[in-house]
Amino acid sequence: MALSGIEIFKLTPRKNCKECGFPTCMAFAMKVASGAVEIEKCPHISAEAKEKLAEATAPLMKTVKIGTGDYEHALGGETVLFRHEKTFVNKTLFAVQFSDAMDDDELARRMENIKKVDYERIGEQMHVEIVAVKYTGNRSRYLDIIKRLKELQKIFVLVCDDVDAATEAAALVKETKPVLVGANNDNLEEMVKLAKESGIVLGLNAPGVEEMYALVEKTHQLGYKELILNAGSENMAKTFENAVEFRRTALVGQDRTFGYPSIVFVNELAKGDSYLQTALAATFIMKYGSIVVLDDITYANALPLFALRQNIFTDPQKPMRVEPKVYEFANPKEDSPVLVTVDFALTYFVVSGEIERAKVPVYLLVPDAGGLSVLTSWAAGKLSAGVIANAIKSSGLEEKLNRKRLILPGKVAVLKGDIEEELPGWEIIVGPSEAMQIPKFLNELN
Amino acid sequence: MAYKKAAKKYSGEIREVTLGSGDKAVAIGGKNVLPIHSFDGNVGNPPKIGLEIVDIVPEDWHDDLKKIYDGVLEDTAEWAKFAVDNFAPDFICLRFAGADPDGKNKSVEECVETAKKVAAAVDLPLVIAGTKNVEKDEKLFSAVAEALAGENVLILSAREENYKTVGAAGALAYKHKIAAETSVDINLAKQLNILMNQLGVQNEDLVMNVGSAAVGYGFEYLSSTMDRIILAALGQNDSTLQMPIITPVSTETWTVKESAASEDDEPAWGSSIERAIQMEVATAAAVLVSGADAIIVRHPKSLATMKTFISNMLGSGLN
């Protein structure tokens, strides 16, 4: 809970030395309270006071970093339960699980799938970020699989509650800042010791919300705060409850004991049913899973899950945009028409979906319209005759086409005259004002 | 420090609305906690899942999906019965794709005949969906409402442009339920509900279709709109937003590239039917977590998956 200006004032030396740039300590304290100035600006502040303040102003949910270098990712750090209140900051990461009980064929198959599913969607590279490796008792096999998985260059989540096995496994990968999920009430001290020594993030296991709460408190007493909470895999209802309670206790109850990212083993809940696994993964992308563990990744489950994650973790104040360029559909030729729309991702998707449904060869010109919808960008002057004409001229379409037809969105029919002036030699046609009318329009166009 | 649960108690409640008649009637809504938060209190009726069928042979459907209904696609009533007997949905959504003026443009009379036959063939509640063409839907819904008087169907949907006719015929004259459809905006949803009330349609007869989207296609707008509607309904006890929500999933998910792209066009993506089901299932789950009280899916596998999902997430399943 934040400190008030008066409380911060009491931590200052109260001698109005002005070295911080403010006339009085009180004025400085008020600025610090509002978050406008860092407490470090005061050269006389004691370390003790600084710590007290840092504690009071620390975020309710800790940001935990895993992986290193190019593969580093942040988890947690969320401030709201609903994305419309502000924004969700750190996207859910996906893991594929391996285990020492897996034969070489299965190991190779899953590794191959992880390599295969790597694609771009609206400016974001989509791939699994994590490999989870579960220990079931075969130590040499476990260590061997970890060694072999290194070539994938993914972040490791070691799922292992055997301290000796975990120690050996951690030694193999500790420089990559992995996660070790396996601390529980029985092995906590040894696990914390291991985590501290190897600098890894520790995942806690407990049978229920209250037990988990006690376990986190105990971990705090041992002096470790690089934690992830396992929402469990007893059953779906319980796991959902755990994930919600962790997040809600931290953000609504303002209790930092649960202010940590979570991991959800949806693969164990789904018990081999890949559709159910996808439904559960979608659920925990939306409701508070920081890491979601899957059995396997294929394009079939990746496409919807990465797409959902991209939607949920966008900033509500910044619309998603597609790259302004010429998009081609059904191998357009030199007499195919050129449709115009805007770079607002939602508009682009609706329009491109309808074009694909029409199965007619066309070019789709997307000028830089500021990421706004057709009418909004027109009203803001970002979709004007000049913008469209310039986009055409720099697209190379003029040279490519022998029949030059430009289809305007029906909502900006008013631009027709101006574009005709700017683009001599082009036939400017007013298209439909609703995307759903595009297939009929294109099929009747000749 | 001891653990303290930080759950909120809400003063508002989503209204319960009953669809269908007789033994097989189903109730939707009734929760006074956030969606699926059964650990907080009363989640009301478990969300209901309907299976979509259409009044014509659906040429644009995936071949593998049509194969499931081989032999009954030509007869909509047979199709409905087959779907009920084999897949046990909570309700049937009969969509009049054939009435679309841009498509087969079937007459209202033909559609009424189909509706009557389907209603006679199955005893589950019916959701009657139209063409998205507001003028045609207005005529279609009025005529079907009259023909199915007493069946207590849900008409999907009345929009701002045709709510007067659809509301008057559907709810006032023939006592059906109406879904008020708006496009992903809490204020528009509230406004159409108020207009419906002013027309004389009671809240007890109203359901909302607040818009739909496939995951990846602006789903964040849908989910945030639903979040805000449910928070207003529960937290501020806003009676103009307390109608249960129905969300058509299938009509969004089967046409997006992830589902529809052929295996020739996207060889790396693998089986297209597999992709389409996964897309439908992911969207269905995301919509249910956002607070839908009823959803409509197309593939029987999606239906089965979501039934398992609901019973387990609410803690009433076998898991």
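Helix H11 (residues 274-286) and helix H12 (residues 299-312) of chain A have axes that come within 10 Å and cross at roughly 10°. Angles under 35 degrees count as roughly parallel, and H11(A) and H12(A) are therefore described as roughly parallel to each other. The structure is a predicted model.

On the H11(A) side, the contact is made by A:Ser274, A:Thr278, A:Ala281, A:Ala282, A:Ile285 and A:Met286. H12(A) contributes A:Asn301, A:Pro304, A:Leu305, A:Leu308, A:Arg309 and A:Ile312. By residue class, the contact of H11(A) with H12(A) comprises eight nonpolar, three polar and one charged.

In chain B, eight strands form an open sheet with parallel pairing, in the order E8-E7-E6-E5-E4-E3-E10-E9. Strands E8 and E9 of chain B are the edge strands, and each pairs on one side only. From one strand to the next, the twist averages 25°.

| Strand | Residues |
|---|---|
| E3 (chain B) | 48-54 |
| E4 (chain B) | 91-95 |
| E8 (chain B) | 206-209 |
| E9 (chain B) | 246-248 |
| E10 (chain B) | 294-297 |

Strands E3 and E10 of chain B run parallel and are joined by four bridges. In this pairing, B:Lys48 stands opposite B:Ala294 of E10(B). Helix H2 (residues 76-87) of chain B lies across E3 and E4 of chain B, and runs at about 150° to E3(B).

Note on methods:
Residues are numbered from 1 along each chain as its sequence is written. Chains are lettered from A and ligands numbered from 1 in the order in which they are written. This is a predicted model: local features need pLDDT of at least 70, side-chain atom pairs count only at pLDDT 80 or more; totals for chains, interfaces and linings use all residues. Two strands pair if DSSP finds at least two bridges between them. Helices (H or I, at least four residues) and strands (E, at least two) are DSSP runs, numbered from the N terminus. Axes are lines fitted to C-alpha atoms, for helices over the stretch in contact, and angles run from 0 to 180 degrees between N-to-C directions. Two residues are in contact if their C-beta atoms, placed from the backbone, lie within 7 Å. Angles under 35 degrees count as roughly parallel, over 145 as roughly antiparallel, 65 to 115 as roughly perpendicular and the rest as oblique. Ala, Val, Leu, Ile, Met, Phe, Trp, Tyr, Cys and Pro count as nonpolar, Asp, Glu, Lys and Arg as charged, and the others, Gly among them, as polar.
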